[in-house]
Every structure is written in structure tokens, then in C-alpha cells.
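The sequence and the coordinates come first.

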Amino acid sequence: MNLEEAQRDMQRAYYDGATGLIASASAWFAATLATCLSTPRAAIGVLLFGGMLIFPVSVLLSKALGRSGRHAKNNPLNSLAIAGTVWMLLAIPIAYGASLYRLEWFFPAMLMTIGGRYLTFPTLYGVRLYWICGGALAASGIVLVAIQSTSHVGALAGALIEFGFGAAIFARARANAARQSAPTDAARLAASAMNGSGST
């Protein structure tokens, strides 16, 4: 399996990664609600707990949308996906440590952490839009620290950015799937027409 085949396998399984973005955005939205209805410290717990659910929820979404939600066992990009996840998990304590110094720094630190992880996705899925997505998340984290933003703004920024890019990548994946199925549909119609004419 070469790189392009591996990327296509990942695209087919997880809708170009769009379902993961949407699941992650949902966790950020939940954290945003927690900052408004409870406390920023509680919102940190909500985001961390929601983060644990991102992959299983993304798999369920992928399956609900007609994808397998599972890549091939021999896909060489599996190791990159695991490495990116481990790197993110190891960076979370840094974000939490920052929150012990200044509570409102947690969400910007997580934006930069997750943004860095998304920079591996252009290789993982072959979708260049992830360069912009990762850059936007990381840049927003830096800006939020610079302007001394509140926690609810930081959480909302993550939700809006991820949902926006998730929607864009989802639309891109659907358009690509439609283009790929068009020749097959045309061939099927042609074969049906030939069979019909042969039977008369």
C-alpha cells in the first residue's frame, strides 16, 4: 500500500477526518456551556472527558454516514495516527499546568496543542485544508493569550473553528465521493440501456 492508497483508505473510513472534527467541536461546545453554567475549572474537566469520546463518536458518525469507521490493518499511516494522539496526550499536562498558573490559559494552550496535532492530518488524509485548520487553532490560542481572553471565549473559539473546518471538509468529502461515483453510475446506466435494447 503506497501513500496515496493509504490516504484514500483513511478518507473512506473516516470521511476525510470530518467526523472527528465535528465530534471534537462538540466537546468544545460542551466546555463552552460549562464555562457559562458552571466554572472554568469544571469546563476543563468537560473538555478532557469529551476528548476521550472523540474517536468513538467519530467512528459512530462515520458509520451512520455510510463509511466503515475502520481503516485497513496494513495501512502504514496507522502509526502516524497513533503517534499524533500520543503526542497530544503528552502535551495535555502542559496545558493543565499552565491553568494552575493562570486558569484562563488552559483553553488557549489546548488550542495550540490540538492545532499542532492537526498539522499531521495533511499527511494522514491527504487534505491540505488541515494546514489551515491547524494554523488557525494555534494562532487563535496565541491571540487569546495575548489579549488575556476569558475561558469561555477560548472554549468557544475551539468549537467554532473546529466545526467550521469540519463542515468544510465534510462538504469536500461528499463532493469527491459524488465525482468518484459518477463514472460508475454512468457505466451502470449504459449497461442497463444495452441490456434493454438487446432484449427487444
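The sections below treat helix contacts, aromatic rings, cysteines and one further residue pair.

The structure is a predicted model.

**Helix packing**

Two packed helices are described by the angle between their axes and the distance between the axes. Helix H3 covers residues 40-64 and helix H4 covers residues 78-101; their axes come within 12 Å and cross at roughly 175°. H3 is therefore roughly antiparallel to H4, since angles over 145 degrees count as such. On the H3 side the contact involves Arg41, Ile44 and Leu48, which meet Ile92, Tyr96, Ser99 and Leu100 in H4. Sorted by class, the contact of H3 with H4 has five nonpolar residues, one polar residue and one charged residue.

The axes of H2 and H5 come within 14 Å and cross at roughly 180°, so H2 and H5 are roughly antiparallel to each other. H2 contributes Leu21, Ser24, Trp28, Ala31 and Thr35 to the contact, while H5 contributes Phe107, Met110, Leu111, Ile114 and Tyr118. The classes here are eight nonpolar, two polar and no charged residues.

**Aromatic pairs**

How many aromatic pairs does the count come to? The count is ten aromatic pairs. One of them joins Tyr14 and Phe55, a tilted pair at 6.2 Å centre to centre with 55° between the planes. This pair links distant parts of the chain, as Tyr14 belongs to helix H1 (residues 3-14) and Phe55 to helix H3, 41 residues apart. Tyr14 is buried, with a relative accessible area of 7%, whereas Phe55 is exposed at 51%. The cut-off for exposed is over 50%.

Trp28 and Phe107 also form a tilted aromatic pair, 6.0 Å centre to centre and 55° between the planes. Distant parts of the chain are linked here too: Trp28 sits in helix H2 (residues 18-37) and Phe107 in helix H5 (residues 106-118), 79 residues apart. Trp28 is buried, with a relative accessible area of 1%, and Phe107 is buried as well, at 0%. Both residues of this pair are also listed in the contact between H2 and H5.

The two pairs are set out below.

| Pair | Centre to centre | Angle between planes |
|---|---|---|
| Tyr14 and Phe55 | 6.2 Å | 55° |
| Trp28 and Phe107 | 6.0 Å | 55° |

Tyr118 of H5 is one of the residues in the contact with H2.

**Cysteines**

A disulfide is a covalent bond between the sulfur atoms of two cysteines. How many disulfides does a search of the whole structure find? The search finds zero disulfides. Is Cys36 buried or exposed? Cys36 is exposed, and its relative accessible area is 54%. Cys133, by contrast, is buried, with a relative accessible area of 0%.

**Val86 and Arg117**

Val86 lies in helix H4. With a relative accessibility of 40%, Val86 counts as partly exposed. Val86 and Arg117 are 31 residues apart in sequence, and the distance between them in space is 9.8 Å, C-alpha to C-alpha.

Methods
Residues are numbered from 1 along each chain as its sequence is written. This is a predicted model: local features need pLDDT of at least 70, side-chain atom pairs count only at pLDDT 80 or more; totals for chains, interfaces and linings use all residues. Side-chain values use heavy atoms; hydrogens and water are left out. Axes are lines fitted to C-alpha atoms, for helices over the stretch in contact, and angles run from 0 to 180 degrees between N-to-C directions. Helices (H or I, at least four residues) and strands (E, at least two) are DSSP runs, numbered from the N terminus. Angles under 35 degrees count as roughly parallel, over 145 as roughly antiparallel, 65 to 115 as roughly perpendicular and the rest as oblique. Contact means heavy atoms within 4.5 Å. Ala, Val, Leu, Ile, Met, Phe, Trp, Tyr, Cys and Pro count as nonpolar, Asp, Glu, Lys and Arg as charged, and the others, Gly among them, as polar. A disulfide is a pair of cysteine sulfur atoms within 2.5 Å. Buried means under 20% relative accessible area, exposed over 50%, partly exposed in between (1.4 Å probe, protein chains only). Rings of Phe, Tyr and Trp (its six-membered ring) pair if their centres lie within 6.5 Å; planes under 30 degrees apart count as stacked, over 60 as edge-to-face and the rest as tilted.
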